[in-house]
Amino acid sequence: MSTEQALRDRSESKCELCGATDNLSVYEVPPNSLGGVDDSVLLCSTCKGQIENPETTDANHWRCLNDSMWSQVPAVQVLAWRMLNRLRSEGWPQDLLDMLYLDDETALWAKATGDHLDDSEKVIHRDSNGTVLAAGDNVVLIKDLDVKGAGFTAKRGTAVRGISLVQENEEHIEGRVNGTRIVILTKFVKKS
């Protein structure tokens with residue numbers, strides 16, 4: 001069974017955040033999604049668009065979180081928590097956040113993208129050109145890099161797909177090169 005079909009079965013073919021039934025698609029919840037059922041949700045185009053483009057957020061649309069935050073699905077809880085944090089200046093989301101309980105593992109997942117931090121507290125990863133990097137982005141190496149301990153050189157021009165951000169250090173990202181997961185300095189990559 002495909003991930004999308006499993007999500008449709010789980011959600012009864014409704015957006016897992018707002019309940020809409022049109023234009024549904026799979027959304028992999030960053031930063032470490034493997035595309036499986038447990039780390040993905042089924043979203044409508046409105047929810048997905050506003051999650052991916054925070055500047056388009058319509059606070060009234062997200063009043064649906066009053067219901068969906070109680071989901072038993074950790075991926076849905078993570079998205080509800082992140083959106084409530086993004087909207088907490090509106091007032092009503094803070095009340096919902098105060099009621100929302102996440103177990104320790106789910107809370108760590110929810111906080112992994114830094115949505116709960118003020119802009120001054122966020123660790124922002126930038127490539128060699130100053131472009132902001134996000135978890136899941138694809139980058140290209142701009143310099144040959146010796147990979148210590150792995151015995152090979154990552155060549156300039158190598159594509160690194162689906163990077164992860166090292167949350168405590170804005171100069172480090174992680175990605176797979178030649179099947180080996182390595183830490184890469186952001187000054188040696190450019191977003192593709």
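## Ground rules

Because the model is predicted, local features need pLDDT of at least 70 and side-chain atom pairs count only at pLDDT 80 or more, while totals for chains, interfaces and linings use all residues. Residues are numbered from 1 along each chain as its sequence is written, and side-chain values use heavy atoms, with hydrogens and water left out.

## Two domains

Let's start with the big picture. The protein splits into domain 1 (3-112) and domain 2 (139-191), with bounds that come from an automatic or database domain assignment. Between the C-alpha centres of domain 1 and domain 2 there are 30 Å.

Now look at helix H4 (residues 74-86) and helix H5 (residues 92-99): their axes come within 8 Å and cross at roughly 145°. Here, axes are lines fitted to C-alpha atoms, for helices over the stretch in contact, and angles run from 0 to 180 degrees between N-to-C directions. Helices (H or I, at least four residues) and strands (E, at least two) are DSSP runs, numbered from the N terminus.

Which residues make the contact (heavy atoms within 4.5 Å)? On H4 they are Trp81, Leu84 and Asn85, and on H5 they are Trp92, Pro93, Leu96 and Leu97. Sorted by type, the contact has six nonpolar residues, one polar and no charged. For that sorting, Ala, Val, Leu, Ile, Met, Phe, Trp, Tyr, Cys and Pro count as nonpolar, Asp, Glu, Lys and Arg as charged, and the others, Gly among them, as polar.

## A proline in a loop

Proline 54 sits in the loop between helix H2 (45-52) and helix H3 (65-68). With a relative accessible area of 43%, proline 54 is partly exposed, since buried means under 20%, exposed over 50%, and partly exposed in between (1.4 Å probe, protein chains only).

## Two open sheets

Time for strands, which pair if DSSP finds at least two bridges between them. Strand E8 (residues 172-177) is joined to E9 by six bridges, and arginine 176 stands opposite arginine 181 in E9.

Another open sheet of three strands runs E6-E3-E10, again with antiparallel pairing. Three bridges link strand E3 (residues 139-141) with E10, where lysine 190 stands opposite valine 140.

Technical notes
Contact = heavy atoms within 4.5 Å.
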